[in-house]
Amino acid sequence: MNIADIPPVSSESRYLPTYREDELRLIFHYARRGESLCYVGIAGIGKSNIVTILNHDYAFRRRYLNDEADRIHFPRVDGNTWDSTPTGLWRLMLERLQIATAHLPTPTIDPKIISLNEEDTYRRRLQTQINHICQVLQHKLMFVLDDFDIVLKEGPLHMLEQFDSFRSNGNKGRLSYLVITKQLPTVLGRRFELEKRSKFYDLFRMNIFALTPYRRADAIHMLHYLNQQANAPLDRKELAQIHYLCGGHARLLKVVFEAWLKQPPATVDIVKYFADSPDIHQTCERIFIGLHRQEREAAVLIAHNRQSEVNPLIVDHLRRRGLLKEGDSLEWFSPLWAEFLRRKRL
Amino acid sequence: MSGAGEGFWIFVGLLVIVLVGVFAAYVLGFTFRLVKQEKRLVIYRLGVFYKLAGPGLVALNRHTDTVEREITVRSDQKEYVVGPYFMHGVPFSYVLLLWRRVDLVKAAGGDREKLAALAQYDEEQREMQIRNKLHEAFLKWVPQIEKAHKVKGDSFAEKLMPIFPGEPECERLFQCVLQELQKTLPTIGVFPDMQQTSVLSIKNIIVPPEVSAGFSDARSLALLREQFPGLSEDMLLHAHALNKGVHPRMTRLYMESEGGAVSSVRLDDEGEIKAARVMPAPLEDRPSAPSRNEREPVLSDDDLNEAEWKILKPIPRAKTGS
């Protein structure tokens with residue numbers, strides 16, 4: 001890597017103004033139109049950072065939404081905190097919606113409506129809140145359904161279909177969803193044939209995008225920011241080496257940076273040195289187990305130079321996923337990930 | 001002048017000389033590195049290959065010299081996966097153990113240009129080259145062994161016999177491959193370590209799951225047949241299915257599919273079979289072995305089908321984006 005390529009950056013702010021520019025532009029574009037979309041990205045790719053920006057970084061919203069910045073809200077629903085019941089999901093969504101729109105006037109609850117059970121109570125209250133924001137206040141909502149693998153996998157279908165019902169209740173063009181998963185929604189919802197039977201899936205079936213590792217500028221900025229936070233112990237050459245090792249994977253960048261601070265490599269073979277680290281191995285293992293079975297098998301075969309046995313469709317898919325770099329060569333996004341795969345037994 | 005005073009001035013003189021020497025070395029840019037017995041440094045001077053240095057203390061000029069890479073030269077046993085190859089139409093791969101050592105100087109044979117060319121590769125690239133040389137050798141010799149081997153039966157075991165250790169064909173194959181490697185490996189700066197008792201050995205043989213399943217199914221059925229000679233073929237298959245931990249309803253499917261093995265079955269609430277995925281019939285029952293792409297893919301519920309591999313879209317990039 002040419003060290004001179006690294007631009008001197010001000011690392012005071014966590015994110016560059018152009019951070020995840022294309023990804024964020026797409027989200028804001030869909031939120032404006034009230035349409036839903038899905039991002040599928042490997043573990044640790046930086047999905048949470050996008051969610052953080054949508055919720056907490058007003059400057060970004062202003063940049064992309066201009067005057068609409070105050071009128072579009074992005075409540076985040078974390079699938080990992082779901083208790084596996086429909087009641088739990090509506091309660092969670094209601095809580096997150098109330099937090100995201102705490103500054104807005106609240107709707108009045110009709111005391112004449114008596115719900116049959118707890119699930120119905122929360123579902124109605126959520127619907128009332130959504131209707132109030134979308135129809136009375138004329139604002140827009142995009143629910144960020146973060147890490148939703150488990151929810152799509154467990155269902156049941158009638159619970160997932162409620163997402164479409166919320167929208168059909170007079171909120172078309174104002175209520176949308178950003179679904180974020182590690183695996184393809186069709187595979188996650190295979191048990192109840194999500195692809196064929198779900199209107200919720202219809203909302204985003206044409207808009208399923210691959211979330212790839214950071215662009216170079218974002219990765220370099222992140223490293224400079226981490227370095228600044230640690231009182232700049234590493235020089236630019238070392239930061240460039242970390243970027244080379246991690247190739248734009250947010251969690252790997254952080255873990256390798258911290259490992260480097262703890263114990264700088266004492267050998268020229270830095271790939272082997274860091275690949276031996278338990279923390280880095282664990283990070284790679286998390287990426288690995290988050291992949292589909294066929295993706296895992298294909299990845300190990302490619303890493304063992306047996307690409308002739310891999311279906312070209314899978315290779316193409318891995319490229320779009322950002323696991324393999326673009327181009328004709330089968331180069332992984334990170335030398336550490338490549339080394340991790342090489343150590344996997346066939 | 002007293003003896004003590006004289007000694008003091010000699011000490012001061014020596015100290016001054018040492019300090020001047022160290023200062024001169026620093027100004028001229030000399031620096032030193034300790035290189036371990038099993039390592040060598042590839043040193044470039046002004047961007048051009050200069051020398052292979054080590055072991056011991058190596059002097060470098062920090063203004064002009066760079067250590068491009070470190071090479072391990074000790075004899076090492078490494079694992080390589082090669083294949084797949086075909087023996088009478090049955091695919092197989094080997095997991096091999098090879099004793100080898102890197103010796104760029106010997107491989108270059110005094111030719112400096114060749115040494116410079118060999119020193120351009122790091123260890124990972126050299127490992128890849130070794131794997132390729134192994135692959136080339138097997139690619140050359142497996143068909144020769146296959147041609148010389150007469151198949152006595154039609155089973156997988158018979159067809160794959162020449163690849164199993166202990167078989168004369170296998171011994172011959174490895175002999176030829178090793179001779180080939182003695183010629184080809186030095187071209188990439190590597191030598192098989194012929195001092196080891198087993199320079200090239202088999203760690204594992206990889207065969208497709210349907211082949212290995214065929215081996216164990218045939219063995220298990222043969223044992224049942226031996227122990228219960230009075231049982232009908234249907235009952236034997238039923239017992240075999242139960243032994244494998246397969247739901248008994250699968251037995252019927254097993255027989256109906258003419259020897260194909262059931263991969264998965266889904267039951268409805270009443271316990272009736274709702275959907276079943278059946279693996280293709282074993283290769284030996286077919287007129288000719290189809291290619292990998294022609295075979296019916298065996299997918300579980302968590303697997304992606306062909307259409308799903310195309311679902312993911314790339315995020316549209318802004319025209320002005322980097």
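Tyr44(B) stands opposite Phe49(B) in strand E3(B) of this predicted model. Strands are DSSP runs of E with at least two residues, helices are runs of H or I with at least four, and both are numbered from the N terminus. Residues are numbered from 1 along each chain as its sequence is written, while chains are lettered from A and ligands numbered from 1 in the order in which they are written. As the model is predicted, local features need pLDDT of at least 70, side-chain atom pairs count only at pLDDT 80 or more, and totals for chains, interfaces and linings use all residues.

Strand E2 of chain B (residues 39–45) is joined to E3(B) (residues 48–53) by five bridges. The two strands run antiparallel. Strands count as paired if DSSP finds at least two bridges between them. E2(B) and E3(B) form a hairpin with two residues between them. In the turn, Leu46(B) has a positive phi of about 50°. E2(B) also runs antiparallel to E5(B), with seven bridges between them. Here Arg40(B) has Ile71(B) as its bridge partner.

Ile71(B) belongs to strand E5 of chain B. A residue is buried if 20 or more other C-beta atoms lie within 10 Å of its own, exposed if 12 or fewer, and partly exposed in between, with C-beta atoms placed from the backbone. Ile71(B) counts as buried because it has 22 C-beta neighbours inside 10 Å. Contact requires C-beta atoms, placed from the backbone, within 7 Å. Leaving aside neighbours within four places in sequence, Ile71(B) contacts Lys39(B), Arg40(B), Val42(B), Val102(B) and Glu123(B). Ile71(B) and Asp103(B) are 32 residues apart in sequence. Their C-alpha atoms are 9.5 Å apart.

The interface places 25 residues of chain B in contact with 29 residues of chain A. On the chain B side, strand E5 (65–72), strand E6 (76–87) and helix H4 (123–148) each supply at least two residues. E5(B) gives the largest share, three residues. The chain B side divides into 13 nonpolar, two polar and ten charged residues. In this count Ala, Val, Leu, Ile, Met, Phe, Trp, Tyr, Cys and Pro are nonpolar, Asp, Glu, Lys and Arg are charged, and the others, Gly among them, are polar.

Chain A has 18 helices and six strands. Of its 346 residues, 42% are buried. Among contacts in chain A with a separation of 6 or more, 76% join residues 24 or more positions apart. Helix H1 of chain A (residues 21–33) has 13 residues. Its expected span, 1.5 Å times one less than its number of residues, is 18 Å, and its end C-alpha atoms are 18 Å apart, which agrees. Buried residues of H1(A) include Leu24(A), Ile27(A) and Phe28(A). Just after H1(A), Gly34(A) takes a positive phi of about 70°.

A nonpolar core is a set of buried Ala, Val, Leu, Ile, Met, Phe, Trp, Tyr and Cys residues joined through C-beta atoms within 7 Å. The largest has 97 residues, and Leu178(A), Leu253(A), Val256(A) and Leu336(A) touch the most other members. Helix H13 of chain A (residues 250–262) gives the most to this core, seven residues. Domain 1 (21–211) and domain 2 (216–342) of chain A both give residues to this core, so it lies between them. The domain bounds come from an automatic or database domain assignment. Beyond four places in sequence, Leu253(A) contacts Ala219(A), Met222(A), Leu223(A), Ile242(A) and Cys246(A). A second, separate core has 34 residues, including Leu118(B), Val142(B), Ile145(B) and Val177(B).

Note on methods. Contact = placed C-beta atoms within 7 Å.
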